Each structure stands twice: as structure tokens, then as C-alpha cells.
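Please walk through the structure shown here, taking its pockets, its ligand site and one of its sheets in turn.

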Amino acid sequence: MSEPITLRPIGPPPRPQPPAVTLTIDGRHVTVPAGSTILAACQASGIAIPTLCFLETLKPVNVCRLCVVEVEGARVLAPSCSRAVEAGMVVKTRSPRVVLARRVVLELLASSVDLSTAPGLAELLSEYECRPERFGAAAATVAQPVKIDNDLYVRDYSKCVLCYKCVEACGPDHQNTFAIAVAGRGFGAGIATEFDAPLPDSACVYCGNCIAVCPTGALMASREFDLRRSGEWEPSRQTTTDTICPYCGVGCTLTLHVQDGEIVKATSPLDNSITAGNLCIKGRFGWSFVSPPARSTGAE
Ligand code: SF4
Ligand code: SF4
Ligand code: FES
């Protein structure tokens with residue numbers, strides 16, 4: 001008699017699931033996979049935590065401290081974006097100490113940085129009852145001239161909160177170009193190219209992946225910068241359309257932002273498995289030919 005045939009599923013064997021960890025967040029028991037961050041556990045339970053330097057496509061660098069939470073028994077507040085959960089951990093996300101810490105972080109930023117184009121920060125300043133003006137009119141700021149040294153994007157470090165996202169995106173997390181780094185120390189620290197060279201003289205390859213992760217608008221594509229400066233940038237009049245970049249075989253997903261019939265920006269979805277929000281110079285900037293200046297018909 002012949003042996004019965006056993007059918008095996010095609011593909012790699014299923015990965016073993018990490019063990020589950022149960023902790024308490026704001027009095028509720030929460031169970032998440034071991035290795036999750038406190039932030040991920042909060043998000044899974046519908047608890048909102050403000051973040052600034054965190055992005056799901058980048059490794060946490062823990063520099064903004066906006067996401068801090070109180071962990072029972074710990075001496076200092078913990079950055080939820082990078083602190084892993086532990087069994088039996090007791091976490092408070094809105095204790096008076098947490099609220100005060102977030103308020104001071106926001107006030108220090110708002111007193112020294114231009115946050116006018118940072119999405120969501122005005123709402124946070126109001127939610128945490130911030131009074132950045134209490135530092136006085138003479139408070140030090142990072143105000144400086146806008147750097148416009150190329151046709152594709154603009155750097156306005158008056159709006160930089162030193163979140164390191166652009167450095168991570170340009171460096172080890174995405175692009176591996178390493179054209180920018182944090183230079184200087186203390187209040188004088190800032191993002192710079194090598195020897196603070198103009199962008200065209202630096203290692204920058206103009207992928208614009210730094211623009212895509214910048215949370216404040218310090219880095220901005222030139223078309224958006226120009227439209228904002230002339231008062232014509234109007235997100236409420238913009239629609240988005242996902243398409244595939246036609247330039248090469250990688251086939252990156254492009255999200256085209258269109259205002260009044262003109263493509264004004266190109267991005268890629270963060271959750272796209274191919275791009276993780278990244279593009280190259282062609283996908284990010286190579287669409288202006290779609291809406292060229294009106295051509296002469298020769299009739300006039
Ligand atoms: S330029 Fe933008 S992304 Fe880079 S550190 Fe400053 S705020 Fe963060
Ligand atoms: S964005 Fe660049 S890498 Fe991606 S499909 Fe277009 S040309 Fe190719
Ligand atoms: S978001 Fe966690 S330290 Fe910045």
C-alpha cells in the first residue's frame with residue numbers, strides 16, 4: 001500500500017510569535033508582544049501620546065522627550081517611544097509630573113523655534129496650557145536666514161527642533177548618504193552639511209527623504225515654500241492621488257498632491273512596503289513637466 005501524501009504549505013515556516021507581556025497603563029491591564037515599546041502598547045490601547053522625534057520608519061533617538069511617561073519605581077521619566085514594556089510594569093501617561101515635563105519641553109521649543117508650519121504643535125501647546133512667553137522677549141532663539149542654495153528644496157533652520165529625523169533618514173535608516181549631521185553643542189547645535197557647505201557642494205543627492213520626515217517644515221520643497229511665501233499654499237484645496245512612479249523599474253508608489261490642477265508636491269506613503277515613505281530625486285521632484293508654464297501657440 002502506498003504512503004498517504006502529506007501536503008505542506010508553500011513558503012517559509014511560520015515564525016514563532018514572541019511571548020506576550022502584560023502591564024498596567026493608566027490603571028488598565030494591557031497585553032502586547034514582548035519587545036513592544038510603551039508607546040506601541042499605548043497606541044494599541046487607544047491612549048494618545050504626543051511624539052516629535054519618533055517616526056515608525058526610523059530608529060528612535062529619544063531626543064525630544066515629548067513622549068515621556070511615568071514608570072512606577074523608576075527615578076526618571078521614560079521615553080515611551082523607545083522604552084520596552086516589561087511584565088508587571090505600571091505606567092502613568094498623564095500624571096502631573098508627565099504633564100509638567102511635556103509642558104516645559106513644548107514651552108522651551110515654542111520660545112526658541114518658529115513652529116508656525118509644524119502640524120499639530122499649536123494644538124499641543126494649547127492642550128498642555130503652555131506659556132512660552134513666560135521666558136520673556138529676550139529669550140534666545142534659533143532664528144537665522146533661510147538657506148536657499150538650490151532649485152529643489154529650502155532649509156529654514158529657524159524652524160528646526162533638532163529631532164534628528166533628517167539625519168537618520170539621510171544616514172543609516174534610509175538613504176545612507178550621510179550628507180548631514182548634527183554639528184555644535186548645546187544651544188549652538190544645528191543640522192549641517194560637511195563643513196557647512198552649500199547643498200550643491202555637499203554629498204546631498206536631493207532624494208528629499210529628509211523633507212519627508214521633517215516634522216516642522218524646516219525642510220521644504222521649493223514649490224511649497226514659494227506657494228507659502230506668496231500666500232497661495234492651501235491644503236484645503238489639495239487632493240491626493242496615488243500612482244506609480246514611471247521613471248524606473250523599482251515602481252515606487254507616488255502620492256501626488258494637486259492644488260488647482262497643478263502638482264505641488266510628491267510624497268510616498270510611510271506604510272508602503274517598497275518605499276517606506278522614501279523616493280529618489282526623480283520621483284520626489286521630477287514632475288514639474290506635467291504642469292509646464294503656458295506655451296506660446298504662435299498665434300499671438
Ligand atoms: S531639519 Fe527637520 S527633521 Fe531635521 S532635525 Fe530639524 S526639525 Fe528635525
Ligand atoms: S522614485 Fe526613483 S527609485 Fe522610485 S521608481 Fe521613481 S525613479 Fe525609480
Ligand atoms: S518621541 Fe520619544 S523622545 Fe521624542
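This is a predicted model: local features need pLDDT of at least 70, side-chain atom pairs count only at pLDDT 80 or more; totals for chains, interfaces and linings use all residues.

**Pockets, ligand shell and sheet**

By class, the lining of the second largest pocket holds 17 nonpolar, six polar and two charged residues.

The largest pocket holds about 750 Å³ of space. It is lined by 38 residues, with P119, I211, A212, C214 and P215 nearest its centre. Two or more lining residues come from each of α3 (121-127), α5 (209-213), β9 (219-221), α6 (222-229), β12 and α7 (281-285). The lining of the largest pocket divides into 21 nonpolar, ten polar and seven charged residues.

C214 also belongs to the surroundings of ligand 1, where 13 residues are found and the closest are C160, C163, Y164, C166 and C214. Twelve residues of this shell are nonpolar and one is polar, while none is charged.

Strand β12, which contributes to the lining of the largest pocket, is also part of an open, antiparallel sheet of three strands in the order β10-β11-β12. β10 (238-244) and β12 (262-267) are the edge strands, each with a single partner, so one side of each has no neighbour in the sheet. On average, neighbouring strands of the sheet are turned by 30° against each other, direction ignored. Five bridges join β11 (residues 253-259) to β12 in the antiparallel sense. H257 stands opposite K265 in β12.

How values were computed
Residues are numbered from 1 along each chain as its sequence is written. Chains are lettered from A and ligands numbered from 1 in the order in which they are written. Side-chain values use heavy atoms; hydrogens and water are left out. A residue is near a molecule or strand if one of its heavy atoms lies within 4 Å of it. Ala, Val, Leu, Ile, Met, Phe, Trp, Tyr, Cys and Pro count as nonpolar, Asp, Glu, Lys and Arg as charged, and the others, Gly among them, as polar. Two strands pair if DSSP finds at least two bridges between them. Helices (H or I, at least four residues) and strands (E, at least two) are DSSP runs, numbered from the N terminus. Axes are lines fitted to C-alpha atoms, for helices over the stretch in contact, and angles run from 0 to 180 degrees between N-to-C directions. On a 1 Å grid over the protein atoms alone, a cavity is a set of points where a 1.4 Å probe fits but cannot get out, and a pocket is an open set with protein on both sides within 12 Å along at least five of seven lines; lining residues have an atom within 4 Å of a point. Grid points are joined across faces, edges and corners, and a volume is the space filled by probe spheres set on the points.
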